[in-house]
Amino acid sequence: MGLSNFLRTQIKRLLLRRGTMALENKVPALESKFQSIDECGLYLHIPFCRQICPYCPYNKEIYRPEVADAYVRAVKKEIDIYARLLGGRPVTSFYIGGGTPTTLLHSGLDSILQHVFASFNMQCGVHLESHPNDLSQANLSAISSLGVEHLSIGVEALQDWHLRTLHRPYTVTQVRAAVERAVSNGFQCVNADFIFALPGQTYAEVEQAGHALVDMGVDQIAAYPLFQFPYTAMGRAANGHNHDIGRIFRRRKMLGILERIFYDAGLARTSVWAFTRPGVPKYCSVTVPLYVGLGASGGSYLKDVFYLNTFNVQEYIRALDSGRLPIALSLELTTDMQMAGWLYWRLYETRFKKSAFQKRFGQGFDAVYGRYIKPLSVAGLLKDKGDEIVLSDGGAYWLHMVQDLFSLEYVSRLWGTSKQEPWPARVVL
Ligand SMILES: C[S@@+](CC[C@H](N)C(=O)[O-])C[C@H]1O[C@@H](n2cnc3c(N)ncnc32)[C@H](O)[C@@H]1O
Ligand code: SF4
């Protein structure tokens, strides 16, 4: 067993009190699950792109108008099913991701959004992921008129040679112009996604890109190290060398350079990856406590169950055409799993209140996790301020590493299998 596997198993045993978890091809009893929730978030996956980037792990395929039309019709049928299940309970966040949602800007996104607003009790604005090449002035006006208040842009790099390595179809001059147009468009929050620790990237390049990101005037910057998923073209080329010690050290130093630039510019850390201008509502999809995921590969989390739609677009459409929910895999969560998941996502946000844990689970936080928090606090990875726990920059970095350890392995196994088999019988994590 390699070191990564050993660590993964130990952490699972410690937090979940079990060595493995298995997702099964079973549709959960949703009527009763929905009865026990008061509100939830909504995620919609648009699995279309105009090109496929060699590093990208997400579920996507090349945009084809006839498939996209059928997809839009299927999403509306899925909305109808959940509108009945939710029965007027408030939807408190709405995030549209992909793939590239802006591929549907003039071919169905508006009709999906109208259907969402007509079907659910929407108590929130719209978050949308976008590709820089889709952000002409006319398109930005169209995006605003859909009710989008939070826009995220896949900038990825700010040196032309790195954009070429990533096969991104624009230059630095073009992406800067797109971001600046978006910033002047009056959104509540414009987020720029940026990837560092690229092959051959120097510290000086990271520094220059960090300043360039700040100079563009965005409200939030999400800076991710390049993850090498083994089922992507770049992951296959890297051949599993993601955890070697030189790479770990380089990433830590690069993140330190970016942290310094972002803090000097007045941004504050709002999650493990994201730095946000104070007073701006942050752009983030993953930390919502309970959510329903619509679309091919949409994932849903409802207190004691996590489930995942089929990744296959044709099968997704076929299931909804025959009146069925397109759920491919589900996992019933024990209380230990729910608590560990809660803790992970609250740490991901870098701060949380122990009283929120007590409210959610009816047990004292210190009684359940106090024995782990003390040594982490002594090691300087977090501060225990009585009711509040705050992650330090060092703690955020080590959470990166844990995330890397789990997400690369889990996401590869779960998404890799789901991409190959529309209805897998079982996936063991
Ligand atoms: C769905 S994409 C963004 C929207 C749009 N499709 C685009 O490419 O511009 C989501 C973001 O995930 C990040 N991302 C994708 N693959 C990654 C990888 N292998 N490592 C680190 N970040 C990655 C990128 O920053 C990307 O902008
Ligand atoms: S990075 Fe964006 S554009 Fe590229 S394949 Fe992934 S989702 Fe599509």
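I began with helix α14, where I found Phe365, Val368, Tyr369, Gly370 and Ile373 buried. I note here that I am working from a predicted model.

I then looked up the extent of α14, which covers residues 365-378, and found that its 14 residues reach 18 Å from the first C-alpha to the last, close to the 20 Å expected at 1.5 Å a residue. Following the axis, I recorded a bend of about 50° at Arg371, with the proline Pro375 following within four residues. Past the helix I came to Gly380, which follows α14 and has a positive phi, near 80°.

Next I turned to ligand 2 and listed the residues around it, which are Cys49, Gln51, Ile52, Cys53, Tyr55, Cys56, Lys60, Gly99, Thr100, His131 and Arg168. Sorting this shell by class, I wrote down 5 nonpolar, 4 polar and 2 charged residues.

My search for disulfides, taken as pairs of cysteine sulfur atoms within 2.5 Å, gave a count of 0.

Last, I located Thr310 in the loop between β15 (305-309) and α11 (313-321). Thr310 counts as buried, at 1% relative accessibility, and I noted that a polar atom of the Thr310 side chain lies 3.3 Å from the backbone nitrogen of Asn312.

Definitions and conventions
Residues numbered from 1 in each chain as written. Chains lettered and ligands numbered in written order. Predicted model: local features only at pLDDT ≥ 70, side-chain atom pairs only at ≥ 80, totals over all residues. Heavy atoms only, no water. Near = heavy atom within 4 Å. Nonpolar A, V, L, I, M, F, W, Y, C, P; charged D, E, K, R; others polar. Helix = DSSP H or I, 4+ residues; strand = E, 2+ residues; numbered from the N terminus. Expected span 1.5 Å × (residues − 1). Bend = angle between axes of the 7 residues up to and from the residue. Buried < 20%, exposed > 50% of the residue type's maximum accessible area, 1.4 Å probe, protein only. Polar contact = N/O pair within 3.5 Å; in protein donor to acceptor, adjacent residues only side chain to side chain.
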